[in-house]
Amino acid sequence: MKSKLALFLLFLFVFSAFAIVEEDDEEGKVRVLAIDGGGIKGIVPGVILKQLEVALQKRNSSARIAEYFDVVAGTSTGGLITAMLTTPDPQNPDRPLYPADEILQFYRQYGPSIFTLSTDCQYPGIQCPKFNGTFLRKIAAEILNETLLNQTTTNVVISSFDIKLLLPTIFSSFKIKDVPHLNVKLSDASIGTSAAPIVFPPYYFKYNNTEFNLVDGLFIASMPARLAIGEVLRQEEYKNREIIMLSIGTGNVNNSGVVGFDANHTWTLQEWQDSALTMIEAASSAMNEYYINSTFQLQPQENYLRIQEYNLDPNISSDDASEENMDKLEEVGQNLLNQPVKRMNVDTFVPEETGEGTNAEALDKLAQILYEENIRRLGKGTKKVKKGFFTRLATY
């Protein structure tokens, strides 16, 4: 009798253990891709994303990046890249239309037309925006078709700022159920998030009787990784789930050796006007990394990968689409792949090597994690019986 009872208790123990593991495993990890803004500097993440897709295609020859992320977020040029990655193929709406290498081709082919000085006034950038935005609006509509936010192949988060309401506008797949007027065309969201003041004109459009007056998403989310995390944490379906994030920058000029401003004198109004924006931009950039790094500080190291050039040549411009400038940006991206993985120290605000190898090696490791997660989900989706021990048996 005792031996039967012991056997029964052992069975219950094994059953419970498998059930707990299975339930946690079935939920899986939330995979997030975030892409910073920066005009023509979108070439840099274009190079990085091409490398990631190549790494994924070693495991699955037909892989597209958006198929391996639950959320793709972007600001400004990163918002446009987000839209390109997630636009569905009209012939197969479950699959993304564009492979990652077409992002790089997009900037190289269309950058010169997008960043052509405006002829609308005598002094572009002073009397009127530097570029009139006409070609950007035309090409965005062409490449993104009539795709609405709810038709993307995975969840998207694209930021902008409404200058009439003086409020953020966040085009998020998670919001459209409760805020249906945000279910706009991807092309409209992309143009709105890219409308950098002075560079491009503000973007007005109307959708379902709602008016939008938008400018660049950098006003609210210069590092869209923060915005993406905020959206994920608000979703019940992602509650208590592990987050894996790839965050790609477009390059920061190294200010560590630059003399800033001297406090040891009486500051004039003119001095504050001349320097305040520089201070705000520098502080915002550092604090964005602080928040994200702090979020992942206690997580496994492989859960967060930030690929950023922290020592960008200050002569590289975000709105210069000359062959020379674009060549330099592509070179920046290629060099980044061979650089060691770095993460900003949240105490000193100095980027430090993490010991994870090069960025290319880290991307390959990430590709393996993403691939395994897709295989796991495919197995659960095609063979699932019910949670617990018997489900686990069915998947082997």
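The protein exposes about 19900 Å², and carbon and sulfur atoms supply 54% of that area. The structure is a predicted model. Its chain has 396 residues, of which 48% count as buried. The protein contains 11 helices and 12 strands. Among contacts between residues at least 6 apart in sequence, 71% join residues at least 24 apart.

**Disulfide**

- The structure holds 1 disulfide, and the cysteines that it joins are cysteine 121 and cysteine 128.
- The S to S distance in this disulfide is 2.0 Å.
- The link of cysteine 121 and cysteine 128 is left-handed, with -65 degrees about the S-S bond.
- Both cysteine 121 and cysteine 128 are buried.

- Strand β7 covers residues 203–207, and its side chains alternate between two faces.
- On one face of β7 lie the side chains of Tyr203, Phe205 and Tyr207, which are buried.
- Strand β8 (residues 210–215) runs antiparallel to β7, and 5 bridges join the two strands.
- One of the residues in these strands, tyrosine 203, has leucine 214 of β8 as its bridge partner.
- β7 and β8 form a hairpin with 2 residues between them.
- In the turn of this hairpin, asparagine 208 has a positive phi of about 50 degrees.

**Helix α6**

- Helix α6 spans residues 186–193 and is mostly covered, with 8 of its 8 residues buried.
- The buried residues of α6 include Leu186, Ala189 and Ile191.
- Ser187, Asp188, Ser190 and Thr193 are also among the buried residues of α6, as is Gly192.

**Aromatic pairs**

- The structure holds 16 aromatic pairs.
- Tryptophan 272 counts as partly exposed because its relative accessibility is 44%, which lies between the limits of 20% for buried and 50% for exposed.
- Phenylalanine 296 and tyrosine 304 form a stacked pair, with 4.9 Å centre to centre and 10 degrees between the planes.
- The pair is classed as stacked because its planes are under 30 degrees apart.
- Phenylalanine 296 and tyrosine 304 are both buried.
- Elsewhere, ring pairs link Phe106, Tyr107, Tyr110 and Phe135 into a cluster.

**Positive phi values in loops**

- Leucine 166 has a phi near 55 degrees, a positive value in a residue other than glycine.
- Leucine 166 is placed in the loop between β5 (155–162) and β6 (167–172).
- With a relative accessibility of 60%, leucine 166 counts as exposed, because the limit for that class is over 50%.
- Asparagine 240 also has a positive phi, near 65 degrees, and is a residue other than glycine.
- The loop that holds asparagine 240 lies between α7 (224–233) and β9 (243–248).
- Asparagine 240 counts as exposed because its relative accessibility is 73%.

Terms used. Residues are numbered from 1 along each chain as its sequence is written. This is a predicted model: local features need pLDDT of at least 70, side-chain atom pairs count only at pLDDT 80 or more; totals for chains, interfaces and linings use all residues. Side-chain values use heavy atoms; hydrogens and water are left out. A disulfide is a pair of cysteine sulfur atoms within 2.5 Å. Buried means under 20% relative accessible area, exposed over 50%, partly exposed in between (1.4 Å probe, protein chains only). Helices (H or I, at least four residues) and strands (E, at least two) are DSSP runs, numbered from the N terminus. Two strands pair if DSSP finds at least two bridges between them. Rings of Phe, Tyr and Trp (its six-membered ring) pair if their centres lie within 6.5 Å; planes under 30 degrees apart count as stacked, over 60 as edge-to-face and the rest as tilted. Contact means heavy atoms within 4.5 Å. Accessible areas come from the Shrake-Rupley method with a 1.4 Å probe; for residues, only the protein chains shown count as cover.
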